[in-house]
Every structure is written in C-alpha cells, then in structure tokens.
Amino acid sequence: MTVTLLGATEIRRLAAELDVVPTKKLGQNFVVDANTVRKIVQAAAVRPGERVVEVGPGLGSLTLAILEAGASVTAVEIDHRLAARLPQTAVEHGVDADMLTVVDADALRVTELPGAPAVLVANLPYNVSVPVLLHFLETFPYLQRGVVMVQAEVAERLAAKPGSKIYGSPSVKAAWYGEWKLAGTVSRQVFWPVPNVDSLLVGFDRTEGERGSEDERRRTFAIVDAAFNQRRKMLRQALSGLLGGSAAASEVLIAAGVAPTARGEDLTVDDYQRVAQEVARVGDAVVTD
C-alpha cells in the first residue's frame, strides 16, 4: 500500500468542495505541509500495525501521514462534512478502506473507540485541547502514549514542572496519567490559515499500572482545583473551604507530609495524591464531582 499525502492546493480544493471556511471557533487551522505531518508521526514513534486515534482529522493531512507509516486510524471528527469526506479522501490517496474508521462525534462525549488504540496523535485547538486530552486519558486506559500539536502556551503548561511560573492544574492533572515533555516546534507557516500564535508538539507516556481509584482521582483533582483557584495563597488558606477551615486544612496537610505554608504550584502530583488519601482517611467531605 503506497499512501500519498495532501498538498496545499488539494487542501484548499477540498475545503471549497465542502464549503468549509476555517473558523477560530473550531480551531480549524489546517496543516498544509507534508514534512510537518511526517514530523508529528515520527515524534509519536508510530509503528506499522499499530492502531492510532486521531482527534480532529479535519481534511486528513495528518491522517494520511499516520496511515503512510503503516498504522490503522480511528479518527474522531465533530464536523459532519469532514467526517463524511475523510474515507473517500483516504481511498483516493491509496489507503485500504479497512485501515481507517471514522467516528462522527464530539471528542468530549466519546466513550468508546473502535480498535482500542494505544497511541493518540492530534492537532488540537486551544479551547478544547486540555479537556479533550484529560477526557481521553481518563476514559481510555489502553492509550499508552501520544503526541499532540497544540498552542505553545498549552504545551508548555502540560509539560511544566512544580515550582515553575506556568505550572498549574492542567500540569498536575496531566501528570496523574504519565510523563509529559515537549516534542518539537512547528512553524506558523505550515497552517492554512496562518495562526497568530505559536504551536508546539507535546508528548506523553502513560505510567504503568493504575495510580489510584476513580474516587481517589476525583478527590485529588478537587484538591488541585481548590489549590489553583487561589493561586499563590498558602495551601492552608486555599484548601480551607474544602477541609472545614484553615486549622483543619493544616492538620491534613501536615499528616500528608506537606507544609501548610506551601503553595499549590510547589506540589507534585504525588503530593496532591497524599493529601487526597489523608482526606479520605480522616473522612472530611471533599466535593468530588
């Protein structure tokens, strides 16, 4: 099977055929450069025979690069026109029909993925990138690694370490599932239309085994949210609303091995998990929804 990739001219022709006008609302900045989509696939170490899930395939430029690498693809697309056209585009570019499965749905509402893919590869818009990633990692435990192209600010926050200025709740929540690191730069000029922000690649490898139960994850995330909702406040203050006052919060933190005077941006995901475990032990009611 010899797969050919989309070029800039064909991408514009497809957009015109489907009456697709790229919009900021859907984050539709289509990649028109073959070297870039191949770079993403290489960064994700996609191997022949693997099953990859792609979120937001759009007109199919990255999809074809994944298929070119010998993997099969489950593509999740919210735009009905794009979802309907993608299989035809794939066949026109040399793809065997059974190598591509298209799920016409909102990625944030998907609860099943055909083929149980182990790899996630995507070009995600700013407004949904973190929610989509966390939803997929929570919902599909068989996802073991991935590389996504996102706005530079999002990539840097996902890969941030404790103590840095950009470390925040997305950093901690992403770390619950595994290790994250920046995986490459992307020129603005490879997009149509050209965006007014920079993009980066960020990759993850899921931690082996289950970190904690679903209840423990929810409890931990509730504590993370409380800590960062009052950024730069001492944890005994930031968590007082959840834990029945600053004195009670201090007791929980000390028992978990965390200084009550520390700030949320200083804690690792392991620290937050220990606090959640202590909360469960003492029986305080933490909102977990």
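I began with helix H5 (residues 129-139), which lies across strand E2 (51-55), E3, strand E5 (119-123), strand E6 (145-151), E7 and strand E9 (199-206). H5 runs at about 150° to E2. I then found helix H7 (residues 169-177) packed on the sheet, where H7 touches E7 and E9. The direction of H7 makes about 115° with that of E7. I note that this is a predicted model.

Next, the sheet. I reminded myself that strands of a sheet pair through backbone hydrogen bonds, either parallel or antiparallel. Here I traced seven strands in an open sheet, in the order E4-E3-E2-E5-E6-E9-E7, with mixed pairing. Which are the edge strands? They are strand E4 (100-104) and strand E7 (178-186), and each pairs on one side only. From one strand to the next, the twist averages 20°.

Strand E3 (residues 72-77) and E4 run parallel, joined by five bridges. Val 76 has Val 103 in E4 as its bridge partner.

Then I turned to helix pairs. Helix H2 (residues 34-43) and helix H3 (residues 61-68) have axes that come within 9 Å and cross at roughly 55°. That angle makes H2 oblique to H3. The crossing is right-handed. On the H2 side I listed Val 37, Arg 38, Ile 40 and Val 41; they meet Ser 61, Leu 62, Ala 65, Ile 66 and Glu 68 in H3. I sorted the contact residues into six nonpolar, one polar and two charged.

Last, helix H11 (residues 246-255) and helix H12 (residues 269-282) pack at about 115°, with axes 8 Å apart. Val 252, Leu 253 and Ala 255 of H11 make the contact with Val 275, Glu 278, Val 279 and Val 282 of H12.

Note on methods. Residues are numbered from 1 along each chain as its sequence is written. This is a predicted model: local features need pLDDT of at least 70, side-chain atom pairs count only at pLDDT 80 or more; totals for chains, interfaces and linings use all residues. Side-chain values use heavy atoms; hydrogens and water are left out. Axes are lines fitted to C-alpha atoms, for helices over the stretch in contact, and angles run from 0 to 180 degrees between N-to-C directions. Helices (H or I, at least four residues) and strands (E, at least two) are DSSP runs, numbered from the N terminus. Angles under 35 degrees count as roughly parallel, over 145 as roughly antiparallel, 65 to 115 as roughly perpendicular and the rest as oblique. A crossing is left-handed if the near helix is turned anticlockwise from the far one by less than a right angle, and right-handed if clockwise. Contact means heavy atoms within 4.5 Å. Ala, Val, Leu, Ile, Met, Phe, Trp, Tyr, Cys and Pro count as nonpolar, Asp, Glu, Lys and Arg as charged, and the others, Gly among them, as polar. Two strands pair if DSSP finds at least two bridges between them.
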